[in-house]
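Thanks, everyone. I'd like to walk you through one structure today. Please have a look at it first.

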Amino acid sequence: MTFNRRDFLLGTVAVAALPLTPIGHAAAQTQAPGTTPKRGGELIYLDAERTTSFQLTGSSFWQTSAVINHLLDRLVFKDPDTLELKPWIASSWSIDASGTVYDFVIRRGVTYSDGTALDLASVKRNLEWQSNGDKDKGIPRNSWFPQIASVTTDDARHAVTVTLAKPNAPFLHTLTSVKAGLVSNATIDASRETQAIVTNLIGSGPFIAKSEIPGKETVLVRRQGYAWAPATAKNQGEAYVDSITIIPVEEDSVRLGALKSGQGHALRYVQPSEEKPLVKAGYQVVGVRSPGTVNFLEVRFGAPFVDDINVRRAILHGIDRQEIITKLYTDNWKVATSVLAPGTLGYKDLSAKFAFDAAKSNQWLDAAGWTERGTDGIRRKDGKKLEINIYVDVYDNTSKQLYQLIQWQLKNIGLQLNIKETDYSSYPTVSSDPSVGLRRNGWPSEDPYTLTVSYLSTLGDRFRLKGEDKKLEQLLADHVTAVDVERRAELLGELQDYLIDNVYAIPLLEDSQVFVLRPNVRGFGQTRSYPWFYNTWLDT
Amino acid sequence: MPAALHSYTARRIAQTVLVVILTYVLVFFILFILPGDPIQQQIENPQNPIPAADAKILLQYYHVDRSGLDQFWIALRRLAQGDLGYSLTTGKPVASLILQAIPQTLALASTALLFTGVIAFTIALAAAFAPSSVIRGIARALPGAFLATPSFLVGFLLLQLFSFQLGWVSAIRDEGFKSVILPALALAIAVSGPIAQVLIQGLNRAYGEPFVTVLRARGLGEARIVLGHVLRNAAIPTVTLLGLTLGELLAGSVVTETIFSRTGIGFLTQQAVREQDAPVILAVVMLVSTVFALTVLVTDLIYPLIDPRIAARPIPATADQASD
């Protein structure tokens, strides 16, 4: 399956492609949507979470990145429709045969919102800052960035040449990320605490952060004279809306009530059960899936019973993914077909390797010696009960029901999934406990490099294999330095096979981000699943 | 007895300071023992984990790599200079977060207290003196009903009706005083139950006492007897409760503030606790413990003004009972 525009579903039926002509069902029948964008208006966007620190190179929580997405331009643009890399601040680029020298021709005439020029010196400084961080100020480097050997500028060609310490195939994709956004000297010069405030994040993007009431609202206003949009953006001038007000509303019912009563235009996240009624009522329900990793369960080695591959295989085949979609979700969601999502470089459909087959699961568990059963139907061996611990994922509002259904499915093969809950702040620590056998991972990402960041023993080591699996280490590392794209795709294919064949990862669903828009919101767009309101306008 | 009053006041203030200090120390070390904090969250952020080598900068910057005692001294030294530090989650100065939240909570708490007073007194007077037994019965049932209704439900019903249906007020934006009314009402309904209950009992008891007969014999009107004398006699336990309620309201209401998207002390507390944002939690705890101790103190000092007989008795004993 290839990733195409039909994957951005509108409501329960794919009626149109985004972001060109979003049409809500009922609205489409009663009122023809305008086609000429209108300028003006205040767009009110309701997120489920309040924003965190805006220090750019450090953390990157979803809701914060969604704001930054409107403030900062990047060297390279990943077109959300074609997934191709397109010029933005870099008007063209080339890579040498060794894969270490990147040459970027920089667009002329771009300025930051504080009036300073986005010139060669500024690009150079940004790249060095991203790669090195600023230790004295407690500012970490962008952990996705490769080590940079040197950056030189060429005034005549208006170009910047970056020499990497070693080849880094994800680099161009890394440059498309929100975190790699270009900022003015004023931001880089500021202290860590100053950088944390959104109004001090000075970029060249189509919006400027004007004000913030912490926890209450963030107001972005249109950048006057913006004329350096990505090459393939439909809008090439200033943004259409005058301002975007971003309001965190934690309560699901209040967020939805506010949107329905016209107090907001767009929101992120509704309960899947709400989606159909909303479409019927004329709202646009937009389920966005974008490349990266799917939602999967990672195996935490060293925890009871998961070291046995037969147990892992039994889980992999014991989960009925289609039933999960049918019972808990909507057509805006899809079953995973690999560890990577469709559209990601090297994506390989491996669904045949983990089709639901309870009989097979039972055979594997029998083969592993889990033949006795307790009165509860759960298998026993040497007096021990076959049980695996998991913590409800705090970053996904639907994960509790998801785990409960999986728990029920696995009970049928005689395995008990113990679902535990913890609070938001303790989750990273508590879910890392050695007694926890499975943990949720997998989100949209610029590049499959995210697997390397998570699982290479010298980086995340989230399988906790401590580098013992040399083959895995090699697969995680090799694709990063593979200069040839075809070769890299091949290596990534091998990596996916390896993760599934050895059941290091148990794929569940493709990650979906669901947005609800009022019928008059036109031109809603997304990049990497973050909302992108640059092309958005408000119809009457 | 001004001398006794002074020494009593001084002692209560000293107690208040001690309570605040002990709370700070206790909370500091509890937070230290608990797993997880915003820095760890950033490092282990599953969507973008920071490798150990890069994370070291953060751990050093926030002194998380030092011992608990070391971190405690660093925090104390900063506190002595009036520096409350920065939120670990948002990077904002804690002092500015608190200063932003206080007016929000003050507006909500004072309005809610006013509503509480009106609701509780109306219910209590109706329950004790309404001419119709039906109305008295209804009024007597109300406090229990209020207590049994969860405040998030009240809040959501108010929003549903006045914001989503009638569109009189925004559910998500701050429109000044208009935005205070609904949450204040939700809060008042939540806290007025016990106050009304206590006042009803007080009124019934006081109304049965001999002095009422004496007043009636003197030819005073029923209204004067009730409003001028019975109410006053019944008010003491109610004032104690009102004082405690004020403390509660000033500490911020987590549920009400969350539902009505208000960024007062309750919201700040909820966010900080959720993320274990230690500097913010510590500042909020200090603020709230100070406010609580002060309201209890002020309540105790008000008694003599209502009932002069209290001042004639040894004050500390009465006050201590009241604050129990």
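Let's start where the two chains meet. The contact takes 57 residues from chain A and 49 residues from chain B. Keep in mind that this is a predicted model. Between them, the two chains bury about 4800 Å². Carbon and sulfur atoms account for 55% of that area.

What about charge across this contact? There are 6 salt bridges between chain B and chain A. One of them pairs Glu217(A) with Arg173(B), with the closest N and O atoms 3.4 Å apart. There are also 16 residue pairs in polar contact between the chains, counting pairs at pLDDT 80 or more. On the chain B side, several helices supply at least two residues each, among them α2 (38–44), α5 (94–129) and α12. Which helix of chain B gives the most to this side? That is α12(B), with 6 residues.

So let's look at that helix. It covers residues 265–275 of chain B, and Glu275(B) is found in it. Is Glu275(B) buried or exposed? It counts as buried, because its relative accessibility is 6% and the cut-off is under 20%. The side chain of Glu275(B) makes a polar contact of 2.9 Å with the side chain of Arg50(A). Sequence neighbours within four places aside, Glu275(B) also touches Tyr424(A) and Ser425(A) in chain A, and Asp37(B), Pro38(B) and Thr89(B) in its own chain.

Chain B has two assigned domains: domain 1 spans 2–80 and domain 2 spans 102–275. Their centres, taken over C-alpha atoms, are 35 Å apart.

Next, salt bridges. Side chains of opposite charge can pair when their charged atoms come close. Over all chains, the count is 37. Here is one that crosses between chains: Glu212(A) and Lys92(B), at 3.0 Å from N to O. Glu212(A) sits in strand β9 (residues 207–213) of chain A, and Lys92(B) in the loop between α4 (68–80) and α5 of chain B. Glu212(A) is buried at 19% relative accessibility. Lys92(B) is buried at 4%.

Now two pairs within chain A. Lys400(A) and Glu421(A) form a salt bridge, again with the closest N and O atoms 3.0 Å apart. Lys400(A) is in helix α12 of chain A, and Glu421(A) is in a loop, 21 residues away. Lys400(A) is partly exposed at 34%, and Glu421(A) is exposed at 52%.

The other pair is Arg125(A) and Asp189(A), at 2.7 Å. Arg125(A) lies in helix α3 and Asp189(A) in helix α5 of chain A, so this bridge ties together parts 64 residues apart in sequence. Both ends are partly exposed: Arg125(A) at 29% and Asp189(A) at 46%.

The largest nonpolar core has 107 residues. Which members touch the most others? Those are Ile315(A), Leu438(A), Leu451(A) and Leu472(A). Helix α8 (residues 178–207) of chain B gives the most to this core, with 10 residues. Take Leu451(A): beyond its sequence neighbours, its contacts include Phe296(A), Val339(A), Leu476(A) and Leu499(A). Apart from this core lies another one, of 67 residues, including Tyr226(A) and Phe524(A).

In α10 (residues 321–328) of chain A, the buried residues are Arg321(A), Glu323(A), Ile324(A) and Ile325(A). Their cover includes α9 (309–318), α12 (399–411) and β21 (505–509) of chain A. Thank you.

How values were computed: Residues are numbered from 1 along each chain as its sequence is written. Chains are lettered from A and ligands numbered from 1 in the order in which they are written. This is a predicted model: local features need pLDDT of at least 70, side-chain atom pairs count only at pLDDT 80 or more; totals for chains, interfaces and linings use all residues. Side-chain values use heavy atoms; hydrogens and water are left out. A nonpolar core is a set of buried Ala, Val, Leu, Ile, Met, Phe, Trp, Tyr and Cys residues joined through side-chain atoms within 4.5 Å. Buried means under 20% relative accessible area, exposed over 50%, partly exposed in between (1.4 Å probe, protein chains only). Helices (H or I, at least four residues) and strands (E, at least two) are DSSP runs, numbered from the N terminus. Contact means heavy atoms within 4.5 Å. A polar contact is a pair of N or O atoms within 3.5 Å; within protein, one must be able to donate a hydrogen and the other to accept it, and residues adjacent in sequence count only if both atoms are side-chain atoms. Domain bounds come from an automatic or database domain assignment. Buried area is the accessible area (1.4 Å probe) that two parts lose on being put together, summed over both. A salt bridge is a side-chain nitrogen of Lys or Arg within 4 Å of a carboxyl oxygen of Asp or Glu.
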